[in-house]
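Subject: Structure handover

Hello,

Here is the structure for your files.

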Amino acid sequence: MKPIPYGRQHITQEDIDAVVETLQSDFLTQGPKVLEFEQKFAAYVGAKYAVAVANGTAALHLCALALGVDENSRVITTPITFAASANCVRYCDGTVDFADIDPETGLLDIAKVRQKLESQPKRYYSGLIPVDFAGMPVNLEEFRKLADEFDLWIIEDACHAPGGYFIDSNGEKQMCGNGNYADLAIFSFHPVKHIATGEGGMITTNNPELYEKLLTLRTHGITRDPAKMHENHGGWYMEMQELGYNYRMPDMLTALGISQLKRADAGLQRRQEIAKRYDAAFKNASNLKILNPAAYKEAISDNVFHAYHLYVIQVEKRKELYDFLRTKNIFAQVHYIPVHLMPYYQDLGFKKDDFPLAEAYYEMCLSLPMYPSLTNEEQDYVIASVQEFLQHA
Ligand SMILES: *Cc1c(COP(=O)(O)O)cnc(C)c1O
């Protein structure tokens with residue numbers, strides 16, 4: 001069996017043609033494909049505006065800047081995420097805090113966030129960064145209520161969940177990143193994500209002021225709009241009005257994104273199929289726990305559409321299983337080492353036992369191969385290998 005990774009991109013001839021066509025055009029960066037990708041992506045997730053950026057981390061950084069994060073800001077996120085969800089606050093000299101997870105879903109526990117907010121004076125915290133971990137949509141309606149109570153902004157880290165949704169209390173479908181409850185949402189187009197462009201990211205929002213601000217920050221803080229300029233020296237004139245960055249996503253990669261977006265729904269459907277096959281194989285295993293199995297989701301609500309970036313199981317002998325699968329050429333992965341245990345965050349004062357549920361989750365979690373081009377044969381081999389291990393564990 002050839003190596004089976006936990007996630008991988010899927011590139012078709014149509015994708016390749018789309019990139020080559022752009023290479024032969026007049027624009028390698030900031031041409032017509034950028035706006036086209038932004039508009040199509042915004043439509044896909046149901047948001048008004050989208051801003052394509054260099055990667056998901058740049059997206060988070062620009063969101064923090066646009067919301068005015070500075071040395072006086074304190075922001076709560078989940079320890080079970082990729083470090084960038086927290087780092088964006090540090091880029092702006094803000095203070096990162098965490099709240100523990102709900103062990104049933106792996107998501108930031110809103111009750112724990114509330115406890116934290118209530119333990120401090122009002123306006124002590126300035127924002128929340130919930131993450132649609134593994135592709136499971138966060139209930140942003142609940143987070144919005146809490147955020148309004150404490151006057152907080154919300155950045156939804158939706159890197160794992162393009163196409164995912166939950167149904168809100170009005171019975172309305174709320175797509176991850178649609179901007180109805182969060183101020184800003186971000187996505188990544190890293191090769192393991194649903195839409196893969198190599199590097200790439202997107203910010204979505206319904207807020208026109210934030211949208212304008214993001215466009216300027218993405219390109220050095222420069223404006224060429226005569227209506228906004230202090231002076232005008234001629235056709236060449238532009239003004240750098242604030243400190244921005246070069247966080248642009250090039251035309252070639254947005255062309256790839258447009259092509260990939262056409263297959264996004266098919267990819268999601270395949271991810272759901274793969275999850276159902278894993279669920280069926282493991283539902284009766286006594287020494288294995290599935291994070292968010294289909295049956296569990298139905299029990300809490302029919303109203304969550306999991307985007308399955310990751311398929312996570314939990315086992316006691318996680319390290320042994322990880323090593324065993326590697327001998328079978330199966331490259332399962334661990335998502336995530338809790339962010340607060342990273343040496344950088346320990347240097348900031350976090351320590352072991354700060355978030356015991358996240359730490360307990362980490363000890364047992366393993367992400368099995370999950371990507372649309374995984375064949376049934378490959379998946380059966382993964383399942384058989386896990387079962388072989390469990391029989392001897
Ligand atoms: C991938 C990812 C990011 C960062 O995206 P990059 O494009 O790799 O910079 C941020 N948050 C989460 C949850 C991610 O999975």
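How many aromatic pairs does a search of the whole structure find? The model is a predicted one, and the search finds 21 aromatic pairs in it.

Phenylalanine 37 and phenylalanine 41 make an edge-to-face pair, with 6.1 Å from centre to centre and 70° between the planes. The two residues are four apart in helix α2 (residues 32-45), so about one helical turn separates phenylalanine 37 from phenylalanine 41. Both phenylalanine 37 and phenylalanine 41 are buried. They also belong to a cluster, in which ring pairs link Phe37, Phe41, Tyr44, Phe187 and Phe189.

Another edge-to-face pair is formed by tyrosine 124 and tyrosine 125, with centres 5.0 Å apart and planes at 80°. Tyrosine 124 is partly exposed, at a relative accessible area of 25%, whereas tyrosine 125 counts as buried at 6% relative accessibility.

For tyrosine 165 it is the charged end of lysine 173, at 4.6 Å from the ring centre. For tyrosine 362 it is the charged end of arginine 318, at 5.0 Å from the ring centre.

On to the cysteines. How many disulfides does the structure hold? It holds zero. A disulfide is a covalent bond between the sulfur atoms of two cysteines. The closest cysteine sulfur to that of cysteine 63 belongs to cysteine 88, and it is 7.7 Å away, which is too far for a bond; the cut-off for a disulfide is 2.5 Å between the sulfur atoms. Cysteine 63 is buried, its relative accessible area being 0%. Cysteine 365 is likewise in no disulfide, and its nearest cysteine sulfur, in cysteine 159, is 18 Å away. With 0% relative accessibility, cysteine 365 counts as buried.

Last, threonine 223. This residue is part of strand β11 (residues 222-223) and counts as buried, with 7% relative accessibility. A polar atom of the threonine 223 side chain lies 3.1 Å from the backbone nitrogen of aspartate 225. What is threonine 223 in contact with, leaving aside its neighbours within four places in sequence? The contacts are Lys228, Met229, Met238, Glu239 and Gln241.

Regards

Methods
Residues are numbered from 1 along each chain as its sequence is written. Side-chain values use heavy atoms; hydrogens and water are left out. Rings of Phe, Tyr and Trp (its six-membered ring) pair if their centres lie within 6.5 Å; planes under 30 degrees apart count as stacked, over 60 as edge-to-face and the rest as tilted. Buried means under 20% relative accessible area, exposed over 50%, partly exposed in between (1.4 Å probe, protein chains only). A charge sits over a ring if NZ of Lys or CZ of Arg is within 6 Å of the ring centre and within 35 degrees of the ring normal. A polar contact is a pair of N or O atoms within 3.5 Å; within protein, one must be able to donate a hydrogen and the other to accept it, and residues adjacent in sequence count only if both atoms are side-chain atoms. Contact means heavy atoms within 4.5 Å.
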